[in-house]
Amino acid sequence: MPQSGDLLRLADAVLFPGFEGQTPPDWLRRRLGEGLAGVALFSRNIAGPAQVARLTAALRAENPAVLVGTDEESGEVTRLEVATGSSRPGGYALGVVDDVALTEAVARDLGGDLARAGITIDFAPSADVNSNPDNPVIGLRAFGADPELVGRHTRAFVRGLQSAGVAACAKHFPGHGDTSIDSHHGVPVVAGDGIEDALLPFREAIKEGVKAVMTGHLLVPSYDAELPATLSPKVLTGLLREELGFDGLIVTDGIEMAAVSGAYGIGGASARAIAAGADAVCVGGERAGEATAVEIRDAIAAAVTDGLLPEERLADAARRVRELAGWATSSGSPISMDGQLGLTAARRAVRVTRRSTAPVLPLTSAAYVLELAPEMNLAIDKNTPWGVGEPLAQVLPGTEVTRLAAGETSGPALERLLAAAAGRPLVIVVRDAHRYAWQGEALRHLLSGRPDAVVVEMGLPARSDLGAVHIATYGSARVCGQAAVEALTGGL
């Protein structure tokens, strides 16, 4: 059935689609002029801060009230600095330092960069409590595994970001930390006995006045045994709105993820999310372009016509989007840049465990660096630079770097590397070694031949008794690599 123009415009007023390219395509310009709510920027849209500023200016030329959002968490999940690696460590490193003033300052500094680029809502911070060390999608993105610690740093991050006039968005409600499944691929289930711990940081974010909350595609049987949170009125309306008292914008995580779109399709999931209490639908990480945006708009409008979605609920969602856009155009103050703040934070997070009395450090001559590279989850752009080898080679010219992925660490391959490293300091860089059996096996092989090797863990360090010296950075951002190099060469 053809839908009225007013109803289609109302459906557009709750949609944040993605698009291809680094300039706005014609379809997006047209839809913005017709009232499209916002846009989600991904790595493919970003070449650098100046280009993003031009892009967002072009978007506002079509719709001055457009909300422009992106996933800029700092650390592993970066969009503005995807080509270089983040100049700020991620949440876990900040939690290890546990200085809320530092976390607030880092978030304010980040907010300044985002505001200068014309981005008005940042899908950060991760308010998840990473209570499951084997979590495949949160890990270093969280501030830690202790609910109270995560709560105070979530508040600090929200304060800092919003002081720059950029709306913070606490995610992934009601808490993605105690899960073992990535919602890009399936439906994670949150245990009932841990839900109060998971909710604590969101309660704190709400007290701090966070402007937005992002839903997680999680099944929480203690509240709703059938529908994931994004589609559940019991979770979004009953828990988040009524019990926790949140009155800001509720935005979905990427609606194309299998955890919600698998059962209902991308349009059906979008309509059900708005009916459940969400105010905006985010899409485009995996499904970008006009066809997807049209499919979702039309499905939302059809849900109103069919009685699945009350028009009053859709109008209320659009109102909350407008209110946030109004706040974004009138809030914040200019933030001066501090090019060293992120490195300072990364340095403070480094932990060095010396297990040998031999003078292993500092390194003073060209080293051999072996980096073991696991496949990361979809939230982390696979092209984001990381590691220790490149920055170490700048300090110690002649340093050789080899990077191996799963399937490339056979015994003969490792023996060849040990031979190549003979007579030189050996640095082995791992990332969440406890989660990948192949990394653990490679480490055992290498350390049996070179017990004097230094191990640098750039993920979560489940143990610190590996290598003659173990260095934990609690992150793989560019500044974490720089801080590790300082620890290796005696500068830290």
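**Figure 1. Contacts in the protein chain of this predicted model.** Among contacts in the protein chain with a separation of 6 or more, 77% join residues 24 or more positions apart. A contact here means heavy atoms within 4.5 Å. The chain holds 16 helices and 14 strands.

**Figure 2. Overall dimensions of the protein chain.** The C-alpha trace spans about 75 × 45 × 40 Å along its principal axes. The radius of gyration is 23 Å, which agrees with a compact globule, because a chain with 492 residues would then have a value near 23 Å.

**Figure 3. Burial and accessible surface of the protein chain.** Of the 492 residues, 61% count as buried, that is, under 20% relative accessible area. About 17700 Å² of the protein chain is accessible surface. Carbon and sulfur atoms contribute 51% of that surface.

**Figure 4. Charged side chains of the protein chain.** The protein chain carries 59 negative side chains and 43 positive ones.

**Figure 5. Close-up of the pairing between strand 4 and strand 5.** Strand 4 comprises residues 121-122. Strand 4 and strand 5 run parallel and are joined by 2 bridges. Within this pairing, Ile 121 stands opposite Ala 167 in strand 5.

Terms used:
Residues numbered from 1 in each chain as written. Predicted model: local features only at pLDDT ≥ 70, side-chain atom pairs only at ≥ 80, totals over all residues. Heavy atoms only, no water. Helix = DSSP H or I, 4+ residues; strand = E, 2+ residues; numbered from the N terminus. Rg over C-alpha atoms; globule rule 2.2 N^0.38 Å. Buried < 20%, exposed > 50% of the residue type's maximum accessible area, 1.4 Å probe, protein only. Areas by Shrake-Rupley, 256 points an atom, 1.4 Å probe, with all protein chains shown as cover. Lys, Arg positive; Asp, Glu negative; His and termini not counted. Charge placed at Lys NZ, Arg CZ, Asp CG, Glu CD. Pairing = 2+ DSSP bridges.
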